[in-house]
Amino acid sequence: MAEKMPAIVKTKPAYGAELVEVDVPKPGPGEVLIKVLATSICGTDLHIYEWNEWAQSRIKPPQIMGHEVAGEVIEVGPGVDTLEVGDYISAETHIVCGKCYACRHNRYHVCQNTKIFGVDMDGVFAEYAIVPAQNAWKNPKGMKPEYATLQEPLGNAVDTVLAGPIAGRSTLITGAGPLGLLGIAVAKASGAYPVIVSEPSEFRRELAKKVGADYVVNPFEEDPVKFVMDVTDGAGVEVFLEFSGAPKALEQGLKATTPGGRVSLLGLFPRDVTLDFNNLIIFKALEVHGITGRHLWETWYTVSSLIQSGKLNLDPVITHKYKGFDDFEEAFELMRAGKTGKVVFFPHKG
Ligand SMILES: NC(=O)c1ccc[n+]([C@@H]2O[C@H](COP(=O)([O-])OP(=O)(O)OC[C@H]3O[C@@H](n4cnc5c(N)ncnc54)[C@H](O)[C@@H]3O)[C@@H](O)[C@H]2O)c1
Ligand SMILES: C[C@@H](O)[C@H](N)C(=O)O
Ligand SMILES: [Zn+2]
Ligand SMILES: [Zn+2]
């Protein structure tokens, strides 16, 4: 096996990243080495690439980027008895402590000592990568690598959409970025109707329709609250799923939700948000959920089954596929410009 490999590395504390030759790592105790078959870009990778305030406070270059992955185990480190060479895996990115109050209540998704690979340590934008065995998820052999790598963000979408009843429920999704698009796919596969999507980008509204949205609205040109009221005969939606992180979308979504309805919030807001809590949440008796990460490991079972059911319309979500990493800068710039859904790399060119 090769001793060196190309990897997308955050080399400096500045905008961008570099494609460099690095050593193929050796798995330590409790780790496995995988051959990366597919890996996809997350919004968090973009923040690291752009070197925003959050990245500056958390990332310690030089570091291999990336955390969404599908790969084959090619070497097993000391003490690993749950995996063997040839296993086809994806990975939960949150490395949890198992010891804190949250973990001891089986709330691993909110472990207070969470570390994330590709964020707090080297990641998977490389031909080979290390995965902690405790974070590996075994995939069925037949699952396409381009779907298997999407399971981690799909887990975010599944926890958002399935935080309450969804079948047959009128649903508003704000934001059709990569996560919102996955949310649309999950909502449609789960029987939501009608699914109304509010998204300012025309490109992404078109993608939303391809994935299965029943209605789309441009919130910068039309009032999405009036739009929802018209579609729902004045009732408002039963379910509001926030995937944009835009404060305005949150307010509009709350206004468009029917009294007694359910609100699940995944988008991260860039600043504190001011809201009329009394009229928008309390007097409407809304059920509000904050969503983070994935439930371990219930969410992974659901995601894997949804993919295997064939009911998730993922192909339109994957807008860009790259063999190798040579064009990684183009991929990141397209994503920055909002001209993509999910972007998938297949690191091995052969
Ligand atoms: N809670 C978690 O665990 C978790 C995990 C992953 C991502 N996230 C967050 O989820 C959100 C979605 O992720 P993404 O990668 O799809 O982000 P993204 O920035 O690519 O997508 C956001 C979309 O919202 C749209 N938008 C902007 N203003 C809007 C408005 N007023 N109304 C409706 N839509 C509007 C944008 O055009 C864009 O298409 C982000 O805020 C991200 O930080 C949270
Ligand atoms: C790291 C972050 O981007 C990851 N997708 C999560 O769910 O937490
Ligand atoms: Zn991520
Ligand atoms: Zn913990």
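## Ground rules

Residues are numbered from 1 along each chain as its sequence is written, while chains are lettered from A and ligands numbered from 1 in the order in which they are written. Because the model is predicted, local features need pLDDT of at least 70 and side-chain atom pairs count only at pLDDT 80 or more, whereas totals for chains, interfaces and linings use all residues.

## Helices H6 and H7

Let's start with helix H6 (residues 178-189) and helix H7 (residues 202-211), whose axes lie 9 Å apart at an angle of about 20°. Helices (H or I, at least four residues) and strands (E, at least two) are DSSP runs, numbered from the N terminus. Axes are lines fitted to C-alpha atoms, for helices over the stretch in contact, and angles run from 0 to 180 degrees between N-to-C directions. H6 and H7 are therefore roughly parallel (angles under 35 degrees count as such).

On the H6 side, Leu181, Ile184 and Ala185 meet Leu207, Ala208 and Val211 of H7; contact here puts C-beta atoms, placed from the backbone, within 7 Å.

## An open sheet

Three strands make an open sheet, ordered S2-S1-S4, with antiparallel pairing. Strands pair if DSSP finds at least two bridges between them. S2 (18-23) and S4 (63-64) are the edge strands, each with a single partner, so one side of each has no neighbour in the sheet. Strand S1 (residues 4-10) pairs with S2 over 6 bridges, and Ile8 has Leu19 in S2 as its bridge partner.

## The buried residues of H9

Helix H9 (residues 247-256) has Ala249, Leu250, Gln252, Gly253, Leu254 and Ala256 as its buried residues. A residue is buried if 20 or more other C-beta atoms lie within 10 Å of its own, exposed if 12 or fewer, and partly exposed in between. The buried residues of H9 pack against several elements, including helix H8 (224-231), strand S14 (237-242) and helix H10 (277-282).

## Backbone details worth a look

Two peptide bonds here are cis: Pro61 to Pro62, with omega about 0°, and Leu296 to Trp297, with omega near -5°. Pro62 sits in the loop between helix H2 (53-58) and S4, and Trp297 in the loop between strand S16 (287-290) and helix H11 (298-309).

Trp51 has a positive phi, near 60°, and lies in the loop between helix H1 (43-50) and H2. With 18 C-beta neighbours inside 10 Å, Trp51 is partly exposed. Asn106 also has a positive phi, about 60°, but with 10 other C-beta atoms within 10 Å, Asn106 is exposed.

Conventions. Parallel < 35°, antiparallel > 145°, perpendicular 65-115°, else oblique. Contact = placed C-beta atoms within 7 Å.
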